[in-house]
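User: Hey, I've got a structure open and I'm a bit lost. Can you walk me through it?
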Amino acid sequence: MKKNDLKGWLYLLPAILFLGIFMVYPLIDVCIYSIEENFNFASQSFTGYGLHNFRYVLSDPYFVQALKNTFIIVVITVPLSTGFALLLSLALSSIRPLKNAFQTIYFLPYVTNTLAVGLVFMILFKKTDYTDGLVNLLINRFGGASVDFIDGPYWAKIFVMCFYTIWVVLPFKVLILTSALASVNQEYYKAAKVDGAGAGRIFVKITLPMISPTVFYLIITGFIGAFKAYSDEVALFGTDLNAAGMNTIVGYVYDMLYGNSGGYPSYAAAAALILFAIVFTITYINLRISKKTVSYN
Amino acid sequence: MKVVLDGLTKRFPNRNKKEAGEVVAVDHFTFEIPDGKLIGLLGPSGCGKSTTLNLISGLEEATEGRVFFGDHDVTKLPPEERGVGLVFQNYALYPHMTVEENIIFPLTNLKGSARLSREEMHKRAVQTASLVQLDGLLERKPKELSGGQQQRVAIARALIKTPEVLLLDEPLSNLDARLRLQTREEIRRIQRETGITTIFVTHDQDEAMSISDMIIVMKAGVIQQIGKPQEVYDNPVNLFVAQFLGTPAINVFNAKVKDGGLWIGNDRVLDAEGVPDMEVYAAIRPEGFVVDPEGPMHCGMDRLEVMGRDTSIVSVNDAMTGKSIRSIVPAESVPDADAAEVRFSLKPNKVFMFDAKTEERVGAVR
Amino acid sequence: MKYSIRKYVSKTFIYIFLGLWAVAVLFPFYWMVLTSVKEYGAYNAEYVPKFFTAAPTLENYAAAFSGVPLARYFLNTVIFTAATTGLMMLVIIPAAFAFARLEFKGRDAVFALFLSLMMIPTELVVITNFVTITDWNMRNSYLGLILPSVTSVFYIYLLKENFGMIPDELYKAAKVDGTSDLKYLCRIMIPIAMPTIVTIIILKVIECWNSYVWPRLITDDSRYFLVSNGIQELRENGMGRENIPAMMAAVVAISVPLIILFLIFRNKVMEGVSRGGTKG
């Protein structure tokens, strides 16, 4: 039996090694960083332990801006993308010809590099000296005035950011919802039709309860994903997100760590822990709500 | 190769950690299987049959006791050094390999001088496949075969390394009724041809009775009875064995012995001389009933079920432990289905008495 | 009659709705391909962009590959993707096997620990990993890029579940035949679990190909840039902000491999993502 124990651990060794070095140790380390005050990256010295880093981060206008941006992303994109994905999935599951083609097209954004496509969005929305950009020309045609969505007013930047975020996260949601809808037993629908229930009633009384676990799963993962937004913003507004006023919490963490404003791992750690606390709390609340409302069968 | 089990015991730690103690899956098994016989190991699910098989194969280690193959103590040997072939209920074929690859897989594990050449392996595969009548199917994948064919592949895989002992764990349970009959004949034939000592685990008493040289009836890890199938059927040592063997199941009545007679309700159905007065269970095989207008046993008529050659009479009696009495009688002696009552006399050799407390067999009726 | 007309109308609306979103999804792709084949001068002369071009040209692609070391970024990304995915399989397959098949002291406790690690976001550990890799002098090296992402608790979990579905009897049968655990893993379990393994490989390849954050942190030498960093570099400093057609050519070039992979393995990818993927 001893030999078997050893063998089991041997098979696990690589995984344990990697997870230990790059997951468990950093987890402890990040907590230590966050309470080391006035940490100096060059001399690896600090002046004492305390909550100064958290106070600093929370009073940093850049962090406050990042916090605000992140919350806007979460509040706008999660409900909109989930609702819109539900509409698309319902429409998809009600057709037969072209269904596969639509599904394939809708999934494309998932497999493309978000930075690459972000560049295309930037070109479509940006107003330059040479051209107002395609979107603005469209707005002009309907009688509106051109706006620079990339370097212009805050609301315009928020709009393009949320639009792009939704464009990026939809494939996953549509895919998951379509397969959830497909797995609802068709006999429920037949029974409901025989009972004379209308389409709206069938949706509210049968479809929605049946797929509610999936919807909640998407909402939870959607919240987590939206709170970690970063690459999409870089794709649209460039790496200097603070200057653009479009930074996110994750962006703030990286900026504190590296680049022109970097070299402050303690501040980065504090910000990352604040993010983790927020995500954890929201997820916990979500799970509590879903436990109460989701019907499983 | 004869197989000897000596005080074989397997205890598992209790799954539910809150409960103390251990689960005894196999409790002091002692018996000897003569060389070249087919043994049916029979019992309800969870009685420790499969554990016994795993102990013999070496997949599990015994807590106590020893296993001998011939005179050779194999208790401490790992499975691959015991020379056993094992066949499973769900065949356990490797789905990504062809029939031939499946069959020769055990040979590919041989090392050093025992290792065979490719051609030799192929030759052996063809031979073994032909023994189990799989000729021409060697290139197929398991999922392209019927259940019966898959099971024969599993048997071929177990046979190819010419094991000392062949172990079959519920080999027929996944087959449909017709294939089950066919395959069990097949197993019998292969066993006869190869002469390999074979142990066959099943919960289906029909199966065990029909092909075994000898059956072992188990309950809760303890051997209840060992013997030739007919002997065990005709002479069950306790109520459990009596109930476990036979379809339809034996009819069990609350009864008593009084003044040298066996009483069911108010009927003195048979003589039971020399048996002291006591509460008993009277168990009557369905074929032990004879329709007899003058018979001593009174039952309420319920219905008739015609089964072709025979007819099954379903009747009721207050002393019956189950719902209704099932008796099987020849078609010509069928009573009137609309009558309120049916009377039986009983064949003494089909009636057994068991102590109401211990459920052990007592005395004999005449 | 009335019923069928209503049905016809509603079907039409559904198709229009679906079609509109399909256009919204495809349009950026169309635009990037279109722009990438427009001649530089012609593009800049269009105040109102044209929806097609009469004279498509490939010179932007030549410009993209010569203006920045795009080929080098490609090579780096291929090396990074292959090495990370390969190493990860070497790490997670034995681990999943140990959890699913072997019995040893402490297994369940370690597994519970692994599961709890699934909740930890990478953003939290990236700080220390950055410091670790810097301390190991692995910035601007392949190892530094690769090492932190060769383990995934989630994939271990996914594979362990799949291994667990392979019936016990197969293992017992192999044991009786004297098969070693390693041989059983290689000859029986891996082939049977191949669909899941392929799924994991595809998901990991997508993840690697699109990874941006970690490579950005750990490389500032453009010789070690991956395509994502290359794109970003291109946008900020490369070939002048004005050469948008060349930029789009680069974007097309780095998007095409994954799109092709997706179109070939469409069902595998979609099935894999719905079973085990998350956003991005």
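User: Which chains share the most contacts?
Analyst: Of the two pairs of chains in contact, chains A and C share the most. Here, two residues are in contact if their C-beta atoms, placed from the backbone, lie within 7 Å. Keep in mind that this is a predicted model: local features need pLDDT of at least 70, side-chain atom pairs count only at pLDDT 80 or more, and totals for chains, interfaces and linings use all residues. Residues are numbered from 1 along each chain as its sequence is written, and chains are lettered from A and ligands numbered from 1 in the order in which they are written.

User: OK, how many residues does each chain put into the contact between A and C?
Analyst: Chain A puts in 73 residues and chain C puts in 76. On the chain A side, helix H1 (residues 2–35) gives the most, with 19 residues. Helices (H or I, at least four residues) and strands (E, at least two) are DSSP runs, numbered from the N terminus.

User: What classes of residue make up chain A's side?
Analyst: There are 55 nonpolar, 14 polar and four charged residues on the side of chain A that touches chain C. Ala, Val, Leu, Ile, Met, Phe, Trp, Tyr, Cys and Pro count as nonpolar, Asp, Glu, Lys and Arg as charged, and the others, Gly among them, as polar.

User: Can you show me one residue there? Let's take Leu119(A): buried or exposed?
Analyst: Leu119(A) is buried, because 24 other C-beta atoms lie within 10 Å. The cut-offs are 20 or more other C-beta atoms within 10 Å of its own for buried, 12 or fewer for exposed, and partly exposed in between, with C-beta atoms placed from the backbone. Leu119(A) lies in helix H5 (residues 114–125) of chain A.

User: And what does Leu119(A) touch?
Analyst: Leaving aside neighbours within four places in sequence, Leu119(A) is in contact with Ala235(A), Ile231(C), Arg235(C), Met247(C) and Val251(C).

User: Where else does Val251(C) show up?
Analyst: In the largest nonpolar core, which has 257 residues: Ala271(A) and Val251(C) touch the most other members. A nonpolar core is a set of buried Ala, Val, Leu, Ile, Met, Phe, Trp, Tyr and Cys residues joined through C-beta atoms within 7 Å.

User: Switching to chain B. How far is it from chain A?
Analyst: Chains A and B do not touch, and their nearest C-alpha atoms are 11 Å apart.

User: What is chain B built from?
Analyst: Chain B has eight helices and 20 strands. Its C-alpha trace spans about 75 × 45 × 40 Å along its principal axes. Buried residues make up 40% of the 366 residues in the chain.

User: How is chain B divided into domains?
Analyst: Chain B has domain 1 (3–237) and domain 2 (244–355), with bounds that come from an automatic or database domain assignment. Their centres, taken over C-alpha atoms, are separated by 39 Å. Six residues from domain 1 of chain B and five from domain 2 make the contact between them.

User: Why is strand E7 of chain B largely enclosed?
Analyst: Five of the five residues of E7(B) (residues 165–169) are buried, so the strand is largely enclosed by the rest of the structure. Val165(B), Leu167(B) and Asp169(B) point one way, while Leu166(B) and Leu168(B) point the other way. In a regular strand the side chains alternate between the two faces of the sheet.

User: Which strands pair with E7(B)?
Analyst: E6(B) pairs with E7(B) in the parallel sense over four bridges, and Gly85(B) stands opposite Leu166(B). Two strands pair if DSSP finds at least two bridges between them. Five bridges join E7(B) to strand E8 (residues 197–202) of chain B, also running parallel, and there Asp169(B) has Val201(B) as its bridge partner.
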